Amino acid sequence: MATPHSYLILAGLFAVPVIALAADAPAPVSREVLRTDKTAFGQPLAPVPAGGQVVVVRTTVAPGAPFPEHKHPYPRISYVISGHIRLIDTETGASRDYGPGEAIVEPVDHWHAGEVIGEESVELVAVDQVPAGVSNVIRK
């Protein structure tokens with residue numbers, strides 16, 4: 001009959017290979033993508049709403065597809081997974097280009113648009129913090 005002590009010995013025998021494998025595995029690598037106190041066009045960051053929701057949106061834009069003029073009433077941070085995009089300030093004509101691995105702090109309550117640069121689709125992941133049930137995109 002097995003005793004509690006023999007279970008510990010068996011557990012120890014099986015745990016050793018797992019620990020050895022874990023020691024050989026590479027450690028996770030983290031890299032800060034962006035740290036800023038301003039939006040893409042220089043606005044100071046707006047406060048985020050208390051008691052809201054976090055909404056994560058993944059968007060794919062094909063070359064030549066419209067990326068219409070819009071604005072965000074609350075902060076939006078987008079991360080470019082693939083492709084290249086031009087963010088256009090439609091009020092001033094200023095623009096900034098972004099590529100894979102870059103983060104965009106989009107303008108708040110300010111009209112802007114986007115366009116795909118090149119022949120590759122753009123894939124973005126956007127993160128919004130908004131009041132419950134509210135959209136963070138207003139189209140013109």
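## Close-up views of a predicted chain

**Figure 1. The whole chain, from one end to the other.** The chain holds 1 helix and 9 strands (helices are DSSP runs of H or I with at least four residues, strands are E runs of at least two, and both are numbered from the N terminus). Starting at the N terminus, the elements follow the order α-β-β-β-β-β-β-β-β-β. This is a predicted model, in which local features need pLDDT of at least 70, side-chain atom pairs count only at pLDDT 80 or more, and totals for chains, interfaces and linings use all residues. Residues are numbered from 1 along each chain as its sequence is written, and side-chain values use heavy atoms, without hydrogens or water. Of the 140 residues, 29% count as buried (under 20% relative accessible area; exposed is over 50%, partly exposed in between, with a 1.4 Å probe and protein chains only). The accessible surface is about 9000 Å², and 61% of this belongs to carbon and sulfur atoms (Shrake-Rupley method, 1.4 Å probe; for residues, only the protein chains shown count as cover).

**Figure 2. Ser78 and its surroundings.** Look for Ser78 in strand 3, which spans residues 76–82. Ser78 counts as buried because its relative accessibility is 1%. Its side chain meets that of Glu106 in a polar contact of 2.7 Å (a pair of N or O atoms within 3.5 Å; within protein, one must be able to donate a hydrogen and the other to accept it, and residues adjacent in sequence count only if both atoms are side-chain atoms). Beyond neighbours within four places in sequence, the contacts of Ser78 (heavy atoms within 4.5 Å) include Ile104, Val125 and Ala126.

**Figure 3. Strand 4 and its two partners.** Strand 4 (residues 84–89) pairs with strand 7 (residues 112–117) in the antiparallel sense over 6 bridges (pairing takes at least two DSSP bridges). Strand 5 (residues 95–98) also runs antiparallel to strand 4, joined by 4 bridges. Ile88 is a handy landmark here: it stands opposite Ala113 in strand 7 and opposite Ser95 in strand 5. Strands 4 and 5 form a hairpin with 5 residues between them, and Gly93 in the turn has a positive phi of about 90 degrees.

**Figure 4. A nonpolar patch on the surface.** Val33, Leu34, Tyr79 and Ile81 make up this patch, with about 290 Å² of accessible area together (patch residues have over 30% relative accessible area and no salt bridge; nonpolar side chains are joined within 5 Å, like charges within 9 Å; a salt bridge is a side-chain nitrogen of Lys or Arg within 4 Å of a carboxyl oxygen of Asp or Glu). Val33 sits in the loop between helix 1 (4–24) and strand 1 (53–61). With a relative accessible area of 36%, Val33 is partly exposed.
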